[in-house]
Amino acid sequence: MPRLNENYLNVQDSYLFAEIARRVKVYEEEHPDKAGNIIRLGIGDVTRPLTKSAVEALHEAVDEQTSSETFRGYGPEQGYEFVRRAVSDYYKRNNVSVDENDIFISDGAKSDTGNITELFAKDNVILVPDPVYPVYVDTNTMDGKQIIYMNGTEENDFLPMPDDSVKADIIYLCSPNNPTGACYNKEQLKAWVDYALANEAVILFDAAYEAFVSEPELPRSIYAVEGAKRCAIEFGSLSKTAGFTGTRFSYTVVPKELVFTSSNGGQMSLHDMWNRRQSTKFNGTPYIIQRAAEKVFSEEGMKECMENISYYMENARVIAETLRKKGISFTGGVNSPYIWFKCPDDMESWELFDYLLENIQVVGTPGAGFGVNGKNYFRLTSFGTHEKTREAMERFDGLF
């Protein structure tokens, strides 16, 4: 009989969003007359279509596949040079220098933030914020690593800072944050970089929502901080930036400066290790997707993306305006598509989930699914349509 990875016994039976889907399905079956009335502001899926230039690039790339002269089969596991250069140029336009050879193209930041755990031994101590994106916790739990939590609370604006009394080897940071929408400033990120360098730790920095940062003084990359290339890996994604949730494109930056001493006294490069991992276990992102992404990262393509982002941020404004009207405290909605608010009437988050579903047929995300500190908080996304978002907030306004 095979010996199984019993660390899976320590993972919650149901992934957060699977439980949301289950409860909604039960409600629809029990109330078929109201099923068509449900407005979903829970899972962060987008509603705006792919941009014009991205679609044109997809069509052109598909046409290339119809001719033996331009057909592409297996590509480089690291990604084609043309798209890695486009990502590097995008960083440069945001005043950050990233070598295109440090960029690895993939099919999702969720995949890479989970798979990156393979580079680190099981006896590392993992530091994650609470509330936290569940994938950070679940993937390390599956691997049997020790996880410690840093508290994100209303008192610290859901932006936990380093504690010198805590010794961690791997640190997960997400800014703008999912789920809270909070965003670190440059001084705060510098404190984290200084902590990592002093403790020989590695920061895993999730920048999936960087394109939503509207305040120019806020960093959109950890590499805006001096020294970060010696201690940080950064993850980026086009899922929300360009509506690629179903198209799948991401990139991970692993600087060559990330070199550590092994147990035998030799040197090991995280860049080389990730390259070896990807070359062994990943056959690359489809060529046609990489061509579309190349166009997205152009100035023209990003201008189109920002039009969609502006659309979503108008939804965020509507949600925020409603919460202010009701006197409900919240974070997010300015540099992030997420709005994280305190549950009214001292409700717990799953209680509020059921209450909203039952009474106004609005679906959000219970904060408890993101950690202990989310027990009395709730997340709404701005990725719906203007019409549905306004209707949902009108229903919410009439309920509280």
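What percentage of the 400 residues in the protein is buried? In this predicted model, buried residues make up 54% of the chain's 400 residues. Burial here means a relative accessible area under 20%.

Taken along the principal axes, the box filled by the C-alpha atoms is roughly 60 × 60 × 55 Å. The accessible surface comes to about 18,200 Å², and carbon and sulfur atoms contribute 48% of that surface.

The secondary structure consists of 11 helices and 15 strands.

Strand β8 spans residues 250-253. Which of its residues lie on each side, and are they buried or exposed? S250 and T252 are on one side, Y251 and V253 are on the other, and all of them are buried, so that both faces of the strand are covered. Strand β8 also has pairing partners. Strand β2, residues 103-106, pairs with β8 in the antiparallel sense over 4 bridges; within this pairing, S106 stands opposite S250. Strand β7, residues 232-237, is likewise antiparallel to β8, again over 4 bridges. On that side of the pairing, V253 of β8 is the bridge partner of E234.

Helix α5 covers residues 134-142. Why can this helix be called largely enclosed by the rest of the structure? The reason is that 8 of its 9 residues are buried. These buried residues are P134, V135, Y136, V137, D138, T139, N140 and T141, a set that includes D138 and N140 as well as V135 and V137. The elements against which they pack include two helices, α1 (16-30) and α4 (109-115). The buried residues of α5 also pack against the strands β3 (125-130), β4 (146-151), β5 (170-174) and β6 (202-206). Just after α5, the backbone at G144 adopts a positive phi of about 80°.

Key
Residues numbered from 1 in each chain as written. Predicted model: local features only at pLDDT ≥ 70, side-chain atom pairs only at ≥ 80, totals over all residues. Heavy atoms only, no water. Buried < 20%, exposed > 50% of the residue type's maximum accessible area, 1.4 Å probe, protein only. Pairing = 2+ DSSP bridges. Areas by Shrake-Rupley, 256 points an atom, 1.4 Å probe, with all protein chains shown as cover. Contact = heavy atoms within 4.5 Å.
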